[in-house]
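Please look through the sequence and the structure shown here before reading on.

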Amino acid sequence: MKTVLKEAKERMQKSLEAFEQHISTVRTGRANPAVLNRIQVNYYGAMTPLNQMATISSPDPRTLVIVPFDKSVLGEIEKAIRDSDLGFNPNNKGDSIFINVPTLNDERRRDLVKAVRHMAEESRVAIRNIRRDANDELKEMQKENLLTEDDLRLGEHEVQKLTDEFIGSVDQRLKSKEEDIMAV
């Protein structure tokens, strides 16, 4: 039973981490280098993540600065950012790229909140699926006489506690991200 609980907890933790990584790429009103994590740049014929070919920093709340390791790809980086759905207009300064992060209008903020809520719901569903899998495994163990009925109930209760804990974490992070998006 302990292995089932341990495995369920690890899988739920991975789902939570994936959700956190996903929402970190959603733009808020402030400049955040993580919003560029999903940008892929054509680097000598291979699509390469931007954060693997440049340093990305935020010297102030409204500016992102990208300094590539190889200056010859500045044009490709600029094109990749311009073609993304982030709505940024990069400025090539010859050795680096500056991005002024515009403030979000109310409609765009509402759209972003809706997208983040959808991501949170997908994460909750993944966690519930892990709960179902763990409960099925426990029931299978009971059928094979590896668990008593009391142990099965105890195991299901523990799995539910884990599920509630991780869904609570998703909800907490969702609330925090919504506040970031809606902050002016």
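In this predicted model, helices α1 and α4 pack at an angle of about 10°, and their axes are 10 Å apart. Because angles under 35 degrees count as roughly parallel, that angle makes α1 roughly parallel to α4. On the side of α1, the contact is made by L5, K9, M12, Q13, L16, F19, E20, I23 and S24, while α4 contributes G155, E158, V159, L162, T163, F166, S169, V170, R173, L174 and K177. Sorted by class, the residues of the contact of α1 with α4 divide into ten nonpolar, five polar and five charged.

Helix α1, which covers residues 2–24, also packs with α3, which covers residues 106–143. The axes of α1 and α3 come within 10 Å and cross at roughly 170°, and these two helices are therefore roughly antiparallel to each other. In the contact of α1 with α3 there are 14 nonpolar, three polar and five charged residues.

The remaining pair to consider here is α3 with α4, the latter being the helix of residues 149–182. Their axes lie 10 Å apart, and the two helices pack at an angle of about 170°, which means that α3 is roughly antiparallel to α4. The contact of α3 with α4 is made up of 15 nonpolar, six polar and eleven charged residues.

Rolling a probe the size of a water molecule over the atoms shows where empty space is left. How many cavities of 30 Å³ or more does a search of the whole structure find? The search finds one, and the volume of the largest cavity is about 40 Å³. The residues that line the largest cavity are V4, E7, A8, R11, I130, A134 and E137, and the elements giving two or more residues to this lining are α1 and α3. Helix α1 supplies the largest share of the cavity lining, with four residues. By class, the lining of the largest cavity holds four nonpolar and three charged residues, with no polar ones.

The largest pocket, for its part, has a volume of about 240 Å³. Its lining consists of 14 residues, of which H22, T25, V26, R38 and M119 lie nearest the centre of the pocket. Here too, the elements that give two or more residues to the lining are α1 and α3, but in the largest pocket the largest share, four residues, comes from α3. The lining of the largest pocket comprises five nonpolar, five polar and four charged residues.

Most residues other than glycine have a negative phi. Y44, which lies in the loop between β1 (40–43) and β2, has a phi near 50°, a positive value in a residue other than glycine. Y44 is exposed, because its relative accessible area of 67% is over the 50% cut-off for that class. N145 lies in the loop between α3 and α4, and although N145 is not a glycine, its phi is positive, at about 60°. N145 is likewise exposed, with a relative accessible area of 68%.

Two further residues lie in elements rather than loops. T48 is found in strand β2, which runs over residues 46–49. Is T48 buried or exposed? With a relative accessible area of 15%, T48 falls under the 20% limit and therefore counts as buried. Leaving aside the neighbours within four places in sequence, T48 is in contact with I39, Q40, V41, Y43 and M53.

E78 belongs to helix α2, which spans residues 74–83. This residue is also buried, with a relative accessible area of 16%. When residues up to four places away in sequence are not counted, E78 touches P90, N92 and I97. Between the C-alpha atoms of E78 and F98 there are 9.6 Å, and these two residues are 20 residues apart along the chain.

Technical notes
Residues are numbered from 1 along each chain as its sequence is written. This is a predicted model: local features need pLDDT of at least 70, side-chain atom pairs count only at pLDDT 80 or more; totals for chains, interfaces and linings use all residues. Side-chain values use heavy atoms; hydrogens and water are left out. On a 1 Å grid over the protein atoms alone, a cavity is a set of points where a 1.4 Å probe fits but cannot get out, and a pocket is an open set with protein on both sides within 12 Å along at least five of seven lines; lining residues have an atom within 4 Å of a point. Grid points are joined across faces, edges and corners, and a volume is the space filled by probe spheres set on the points. Ala, Val, Leu, Ile, Met, Phe, Trp, Tyr, Cys and Pro count as nonpolar, Asp, Glu, Lys and Arg as charged, and the others, Gly among them, as polar. Buried means under 20% relative accessible area, exposed over 50%, partly exposed in between (1.4 Å probe, protein chains only). Contact means heavy atoms within 4.5 Å. Axes are lines fitted to C-alpha atoms, for helices over the stretch in contact, and angles run from 0 to 180 degrees between N-to-C directions. Angles under 35 degrees count as roughly parallel, over 145 as roughly antiparallel, 65 to 115 as roughly perpendicular and the rest as oblique.
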